[in-house]
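Open the model in your viewer and keep the selection panel at hand. Each stop below says what to select and what is there.

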Amino acid sequence: MKVLVAEDNALLGNSIKRGLEEEGWVVDLARDGKEALYYADASEYDVLVLDWMLPQISGLEVLSVVRGKGNDVPVIMVTARSEVVDRVQGLDRGADDYLSKPFEMIELVSRLNALYRRSIARGSKSLTLGNLNIELDTLRVSIGGRPLDLTGMEYNLLVALAGKANQLQTRTVLLGLLYPFDSEPDSNSLDVLLNRLRRKLAGADVEIETVRGKGLILRVA
């Protein structure tokens, strides 16, 4: 998953970038509002993390420009401003979440994962990959019209992979999405879950490929 972090404090920005990369995210770091807009126009992101008080163009104005272009990418505003009116202003401009400084990296990662899970279903009621259909509003899954009986965790793993079909998803990111409240999730639990899901997807036009040492890719036949 890919995130744009806009933070003018070099120490904090580098710390956030390093922490998110350790969690499996691909991170671009912008030092001011103008650079943030350049990145936002030049690439697609799963989430934007914008500091409110950016040089040249404020994070709030960056948010307004992004939304004005019809880009509905999830956005977290990060700021030391704690007044309710400031939070309301950010949310009114189109922010999805708000994080006050100082914060712990685990909280930022948790919020990013939550926004990413919600963004998969944004603007779409279903995902169709060959003969595999996932109804995001009713949580129903079928293969060629045949209902598939999945547990909640199996469904979450399938949606996480299907939402980024044909793209690599690192094990670290998947563990964060599946076990957001577990600081040290057991990697073996992902393997067990994966094996069950693979068996249930027999006959589907998709295959979950393991990329050794990196992660998983759901490929469409």
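Select residues 152–162, helix α6, together with residues 187–200, helix α8. In this predicted model, the two helices pack with their axes 10 Å apart, at an angle of about 85°. Angles of 65 to 115 degrees count as roughly perpendicular, and α6 and α8 are therefore roughly perpendicular to each other. To see the contact, show side chains on both helices. From α6, pick Met-153, Glu-154, Leu-157 and Leu-158.

Next, select helix α2, residues 33–42, and helix α3, residues 59–68. How far apart are the axes of this pair, and at what angle do the helices pack? The axes of α2 and α3 are 9 Å apart, and the packing angle is about 25°. An angle under 35 degrees counts as roughly parallel, so that description applies to α2 and α3. The crossing of α2 past α3 is right-handed. On the α2 side, the contact is made by Gly-33, Ala-36, Leu-37 and Ala-40. On the α3 side, Val-62, Val-65 and Val-66 take part. This contact has six nonpolar residues and one polar residue, and no charged ones.

Stay with α3 and move to the loop between β3 (47–51) and this helix, where Gln-56 is placed. Check the backbone here: phi of Gln-56 is near 70°, a positive value although the residue is not glycine. Most residues other than glycine have a negative phi, and most peptide bonds are trans.

Select Lys-101 and Pro-102; the peptide bond from Lys-101 to Pro-102 is cis, with omega near -10°. Pro-102 lies in the loop between β5 (97–100) and α5 (105–120).

Finally, zoom out and colour the chain by domain. Domain 1 covers 2–121 and domain 2 covers 126–220. Taken over C-alpha atoms, the centres of domain 1 and domain 2 are separated by 27 Å. How many residues of each domain are in contact with the other? Domain 1 contributes 10 residues, which are in contact with 13 residues of domain 2. Between them the two domains bury about 980 Å², and 62% of that area is on carbon and sulfur atoms.

Notes:
Residues numbered from 1 in each chain as written. Predicted model: local features only at pLDDT ≥ 70, side-chain atom pairs only at ≥ 80, totals over all residues. Heavy atoms only, no water. Axes fitted to C-alpha atoms, helices over the stretch in contact; angles between N-to-C directions. Helix = DSSP H or I, 4+ residues; strand = E, 2+ residues; numbered from the N terminus. Parallel < 35°, antiparallel > 145°, perpendicular 65-115°, else oblique. Left-handed = near helix turned anticlockwise from the far one by under 90°. Contact = heavy atoms within 4.5 Å. Nonpolar A, V, L, I, M, F, W, Y, C, P; charged D, E, K, R; others polar. Domains from an automatic or database assignment. Buried area = accessible area lost by both parts, 1.4 Å probe.
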